[in-house]
Amino acid sequence: MRKLLLSALLAGMIARTAQAADIGLSIEVPRLDVAEYHRPYVAIWIENPDQSVATDLAVWYDVAKKNNEGTEWLKDMRQWWRRSGRNQQFPVDGVSGATKPVGKHALSFNAASKPLSQLKPGQYAVVVEAAREVGGRELVRIPFQWPPQKAEQLAARGEHELGAIALDLKP
């Protein structure tokens, strides 16, 4: 009886592990040769085919400003702000974070955990939007299928405010 129960428990764990999927993201903040450089504010989310927000993944902004004043410029990320940001209370647990310096930054998400645990099978896009004080704005989309049927790496590249963006899908 004990062996049977242990076998059933182990089989359940293996089945859940087999259904798990992962999303990895690499986002490059490029070095810009400008007189006045400010780190960009960046919003990263997954959108539905109708371009509504399925889930927010990350929002990088100046979290260190007194009285939460860094949130004042979040609206400069216009697409994200209209679709999701203006309905948020900041900081958002597990989503808000500080702006990032020049370089590549990695994020990873597991399907069994929030924010991916609520994602239904279907077509989506990862969207990365950046806005910089005394700078420009840029939005990059990478379409993908969820859950992934095979390991896949998709990529896109920004032209000025964002560099290389890689989406790594693992079944």
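Accessible areas here come from the Shrake-Rupley method with a 1.4 Å probe. On that basis, the accessible surface of the protein comes to about 10300 Å², and carbon and sulfur atoms account for 50% of this surface. The structure is a predicted model. The protein has 171 residues, of which 39% count as buried.

**Overall architecture**

- The protein contains two helices and nine strands.
- Read from the N terminus, the order of these elements is α-β-β-β-α-β-β-β-β-β-β.
- Among contacts between residues at least 6 apart in sequence, 61% join residues at least 24 apart.

- His105 belongs to strand 5, which covers residues 103–110.
- The relative accessible area of His105 is 15%; because buried means under 20%, His105 is classed as buried.
- Two backbone oxygens lie by the side chain of His105: that of Pro101 is reached at 2.7 Å, and that of Gly103 lies 3.5 Å from a polar atom of the side chain.
- With residues up to four places away in sequence left out, His105 touches Leu25, Ser26, Ile27, Val29, Trp60 and Lys100.

- Asp22 is located in strand 1, which spans residues 22–29.
- Asp22 has a relative accessible area of 30% and is therefore partly exposed, as this class lies between the 20% limit for buried and the 50% limit for exposed.
- Asp22 and Lys170 are separated by 148 residues in sequence, yet their C-alpha atoms are 5.1 Å apart in space.
- Apart from neighbours within four places in sequence, the residues in contact with Asp22 are Phe109, Asn110, Asp168, Leu169 and Lys170.
- With one of these residues, Asn110, Asp22 forms a polar contact between side chains at 3.0 Å.

- The peptide bond from Lys114 to Pro115 is cis, and its omega is near 10°.
- Pro115 is placed in the loop that links strand 5 to strand 6, the latter comprising residues 122–131.
- A cis peptide bond also joins Trp146 to Pro147, with omega near -10°.
- Pro147 sits in the loop between strand 7 (137–146) and strand 8 (152–157).
- As background, most peptide bonds are trans.

- In general, most residues other than glycine have a negative phi.
- Gln51, a residue other than glycine, has a positive phi near 70°.
- The loop that holds Gln51 runs between strand 2 (41–47) and strand 3 (53–61).
- Gln51 counts as partly exposed because its relative accessibility is 32%, a value between the limits of 20% and 50%.
- Val134, likewise a residue other than glycine, has a positive phi near 55°.
- Val134 is found in the loop between strand 6 and strand 7.
- The relative accessibility of Val134 is 54%; since exposed means over 50%, Val134 counts as exposed.

Terms used:
Residues are numbered from 1 along each chain as its sequence is written. This is a predicted model: local features need pLDDT of at least 70, side-chain atom pairs count only at pLDDT 80 or more; totals for chains, interfaces and linings use all residues. Side-chain values use heavy atoms; hydrogens and water are left out. Helices (H or I, at least four residues) and strands (E, at least two) are DSSP runs, numbered from the N terminus. Buried means under 20% relative accessible area, exposed over 50%, partly exposed in between (1.4 Å probe, protein chains only). Contact means heavy atoms within 4.5 Å. A polar contact is a pair of N or O atoms within 3.5 Å; within protein, one must be able to donate a hydrogen and the other to accept it, and residues adjacent in sequence count only if both atoms are side-chain atoms.
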